[in-house]
Amino acid sequence: MTRFGCALDSNDPTMNGIDGILGMGMPDASLPNIPTPLLFALSSDRGGIEGANYINEKLLKRRKFAFLSTADTAEIQLGGYDRASTSADMVYMPTTSTTEYSVNVQSLTFGGIELLDWTDKQTPNAIPAILDTGTTCLIIPDTTLGGRVSSKPYSKFREIMTKGMSFYITIDGHLFEIPFTDWWQRTHNAPCVQKTPPSYAGLLLGDVVFQSLVVEFDLTKPHHPMIGIAP
């Protein structure tokens, strides 16, 4: 068992229509005085708060969880992922951080046009992308990343945006599709694609990605987390 907080009311309009928040962050991102994160409390050897309560010891045999969603609903799978929810096998890659679920992205294309048009094509290039269930849209840079790319990815997308086309993203060497039906908001008749703050030189992969892909978060080794992705 572990302690957790419950918010009963919020004056933040971005919370409208949201019926709950479940934190599944990495331990290294928390403060030293924060109680054991829920996933670790459910799967730790000792169980409970500092080993004081063994009721939930080894409730989860594997310190993993997976997330997937639709435009209206979402599902979290504890202990791994359900193969029946994917159309292909999961591929795995290391995170680039122990404080956030971040992976390397080498390419992002739209309609066959590269949005990450690297200026140095002789060496491997990549930018971090945070897989964030708390973000709604696909968030991409609107700068040249200090001259690393020849044009601003978000601005280029706005220039060539066409309904019906897919994004294709290369994550750690693996190619995945983000279909039009997932990145286009039917209720607002607008793209769910936004630009990142200038201070962040990376991507945020929000709900539009979790509608396209099943993502597994493997914290078996907390200081060497792995991410699994499957369509």
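How many salt bridges does the count come to? The count comes to four, a salt bridge being a side-chain nitrogen of Lys or Arg within 4 Å of a carboxyl oxygen of Asp or Glu. The model is predicted, so local features need pLDDT of at least 70 and side-chain atom pairs count only at pLDDT 80 or more, whereas totals for chains, interfaces and linings use all residues. Residues are numbered from 1 along each chain as its sequence is written, and side-chain values use heavy atoms, with hydrogens and water left out.

**Salt bridges**

Select D218 and K64, whose salt bridge has its closest N and O atoms 3.8 Å apart. D218 lies in strand β14 (residues 214-218) and K64 in strand β1 (residues 64-69), so the pair ties together parts that are 154 residues apart in sequence. Strands (E, at least two residues) and helices (H or I, at least four) are DSSP runs, numbered from the N terminus. Both D218 and K64 are buried; buried means under 20% relative accessible area, exposed over 50%, and partly exposed in between, with a 1.4 Å probe and protein chains only.

Next, select D89 and R83, which meet in a salt bridge at 3.1 Å, N to O. D89 counts as exposed, at 57% relative accessibility, while R83 is partly exposed, at 37%.

Then select K195 and D142, a salt bridge with the closest N and O atoms 3.9 Å apart. K195 lies in strand β12 (residues 193-195) and D142 in the loop between β7 (138-140) and α2 (153-160), so this pair ties together parts that are 53 residues apart in sequence. D142 counts as buried, at 17% relative accessibility.

**Disulfide**

Select C137 and C192, which form a disulfide with their sulfur atoms 2.0 Å apart; the criterion is a pair of cysteine sulfur atoms within 2.5 Å. The link is left-handed, with -85° about the S-S bond. It joins distant parts of the chain, 55 residues apart: C137 is in the loop between β6 (127-131) and β7, and C192 in the loop between β11 (190-191) and β12. C137 and C192 are both buried.

**Nonpolar cores**

Select L131, I140, F167, I171, L205, F217 and I227, the residues with the most contacts inside the largest nonpolar core, which has 49 residues. Such a core is a set of buried Ala, Val, Leu, Ile, Met, Phe, Trp, Tyr and Cys residues joined through side-chain atoms within 4.5 Å. A second, separate core of five residues includes A66, L68, M90 and V214.
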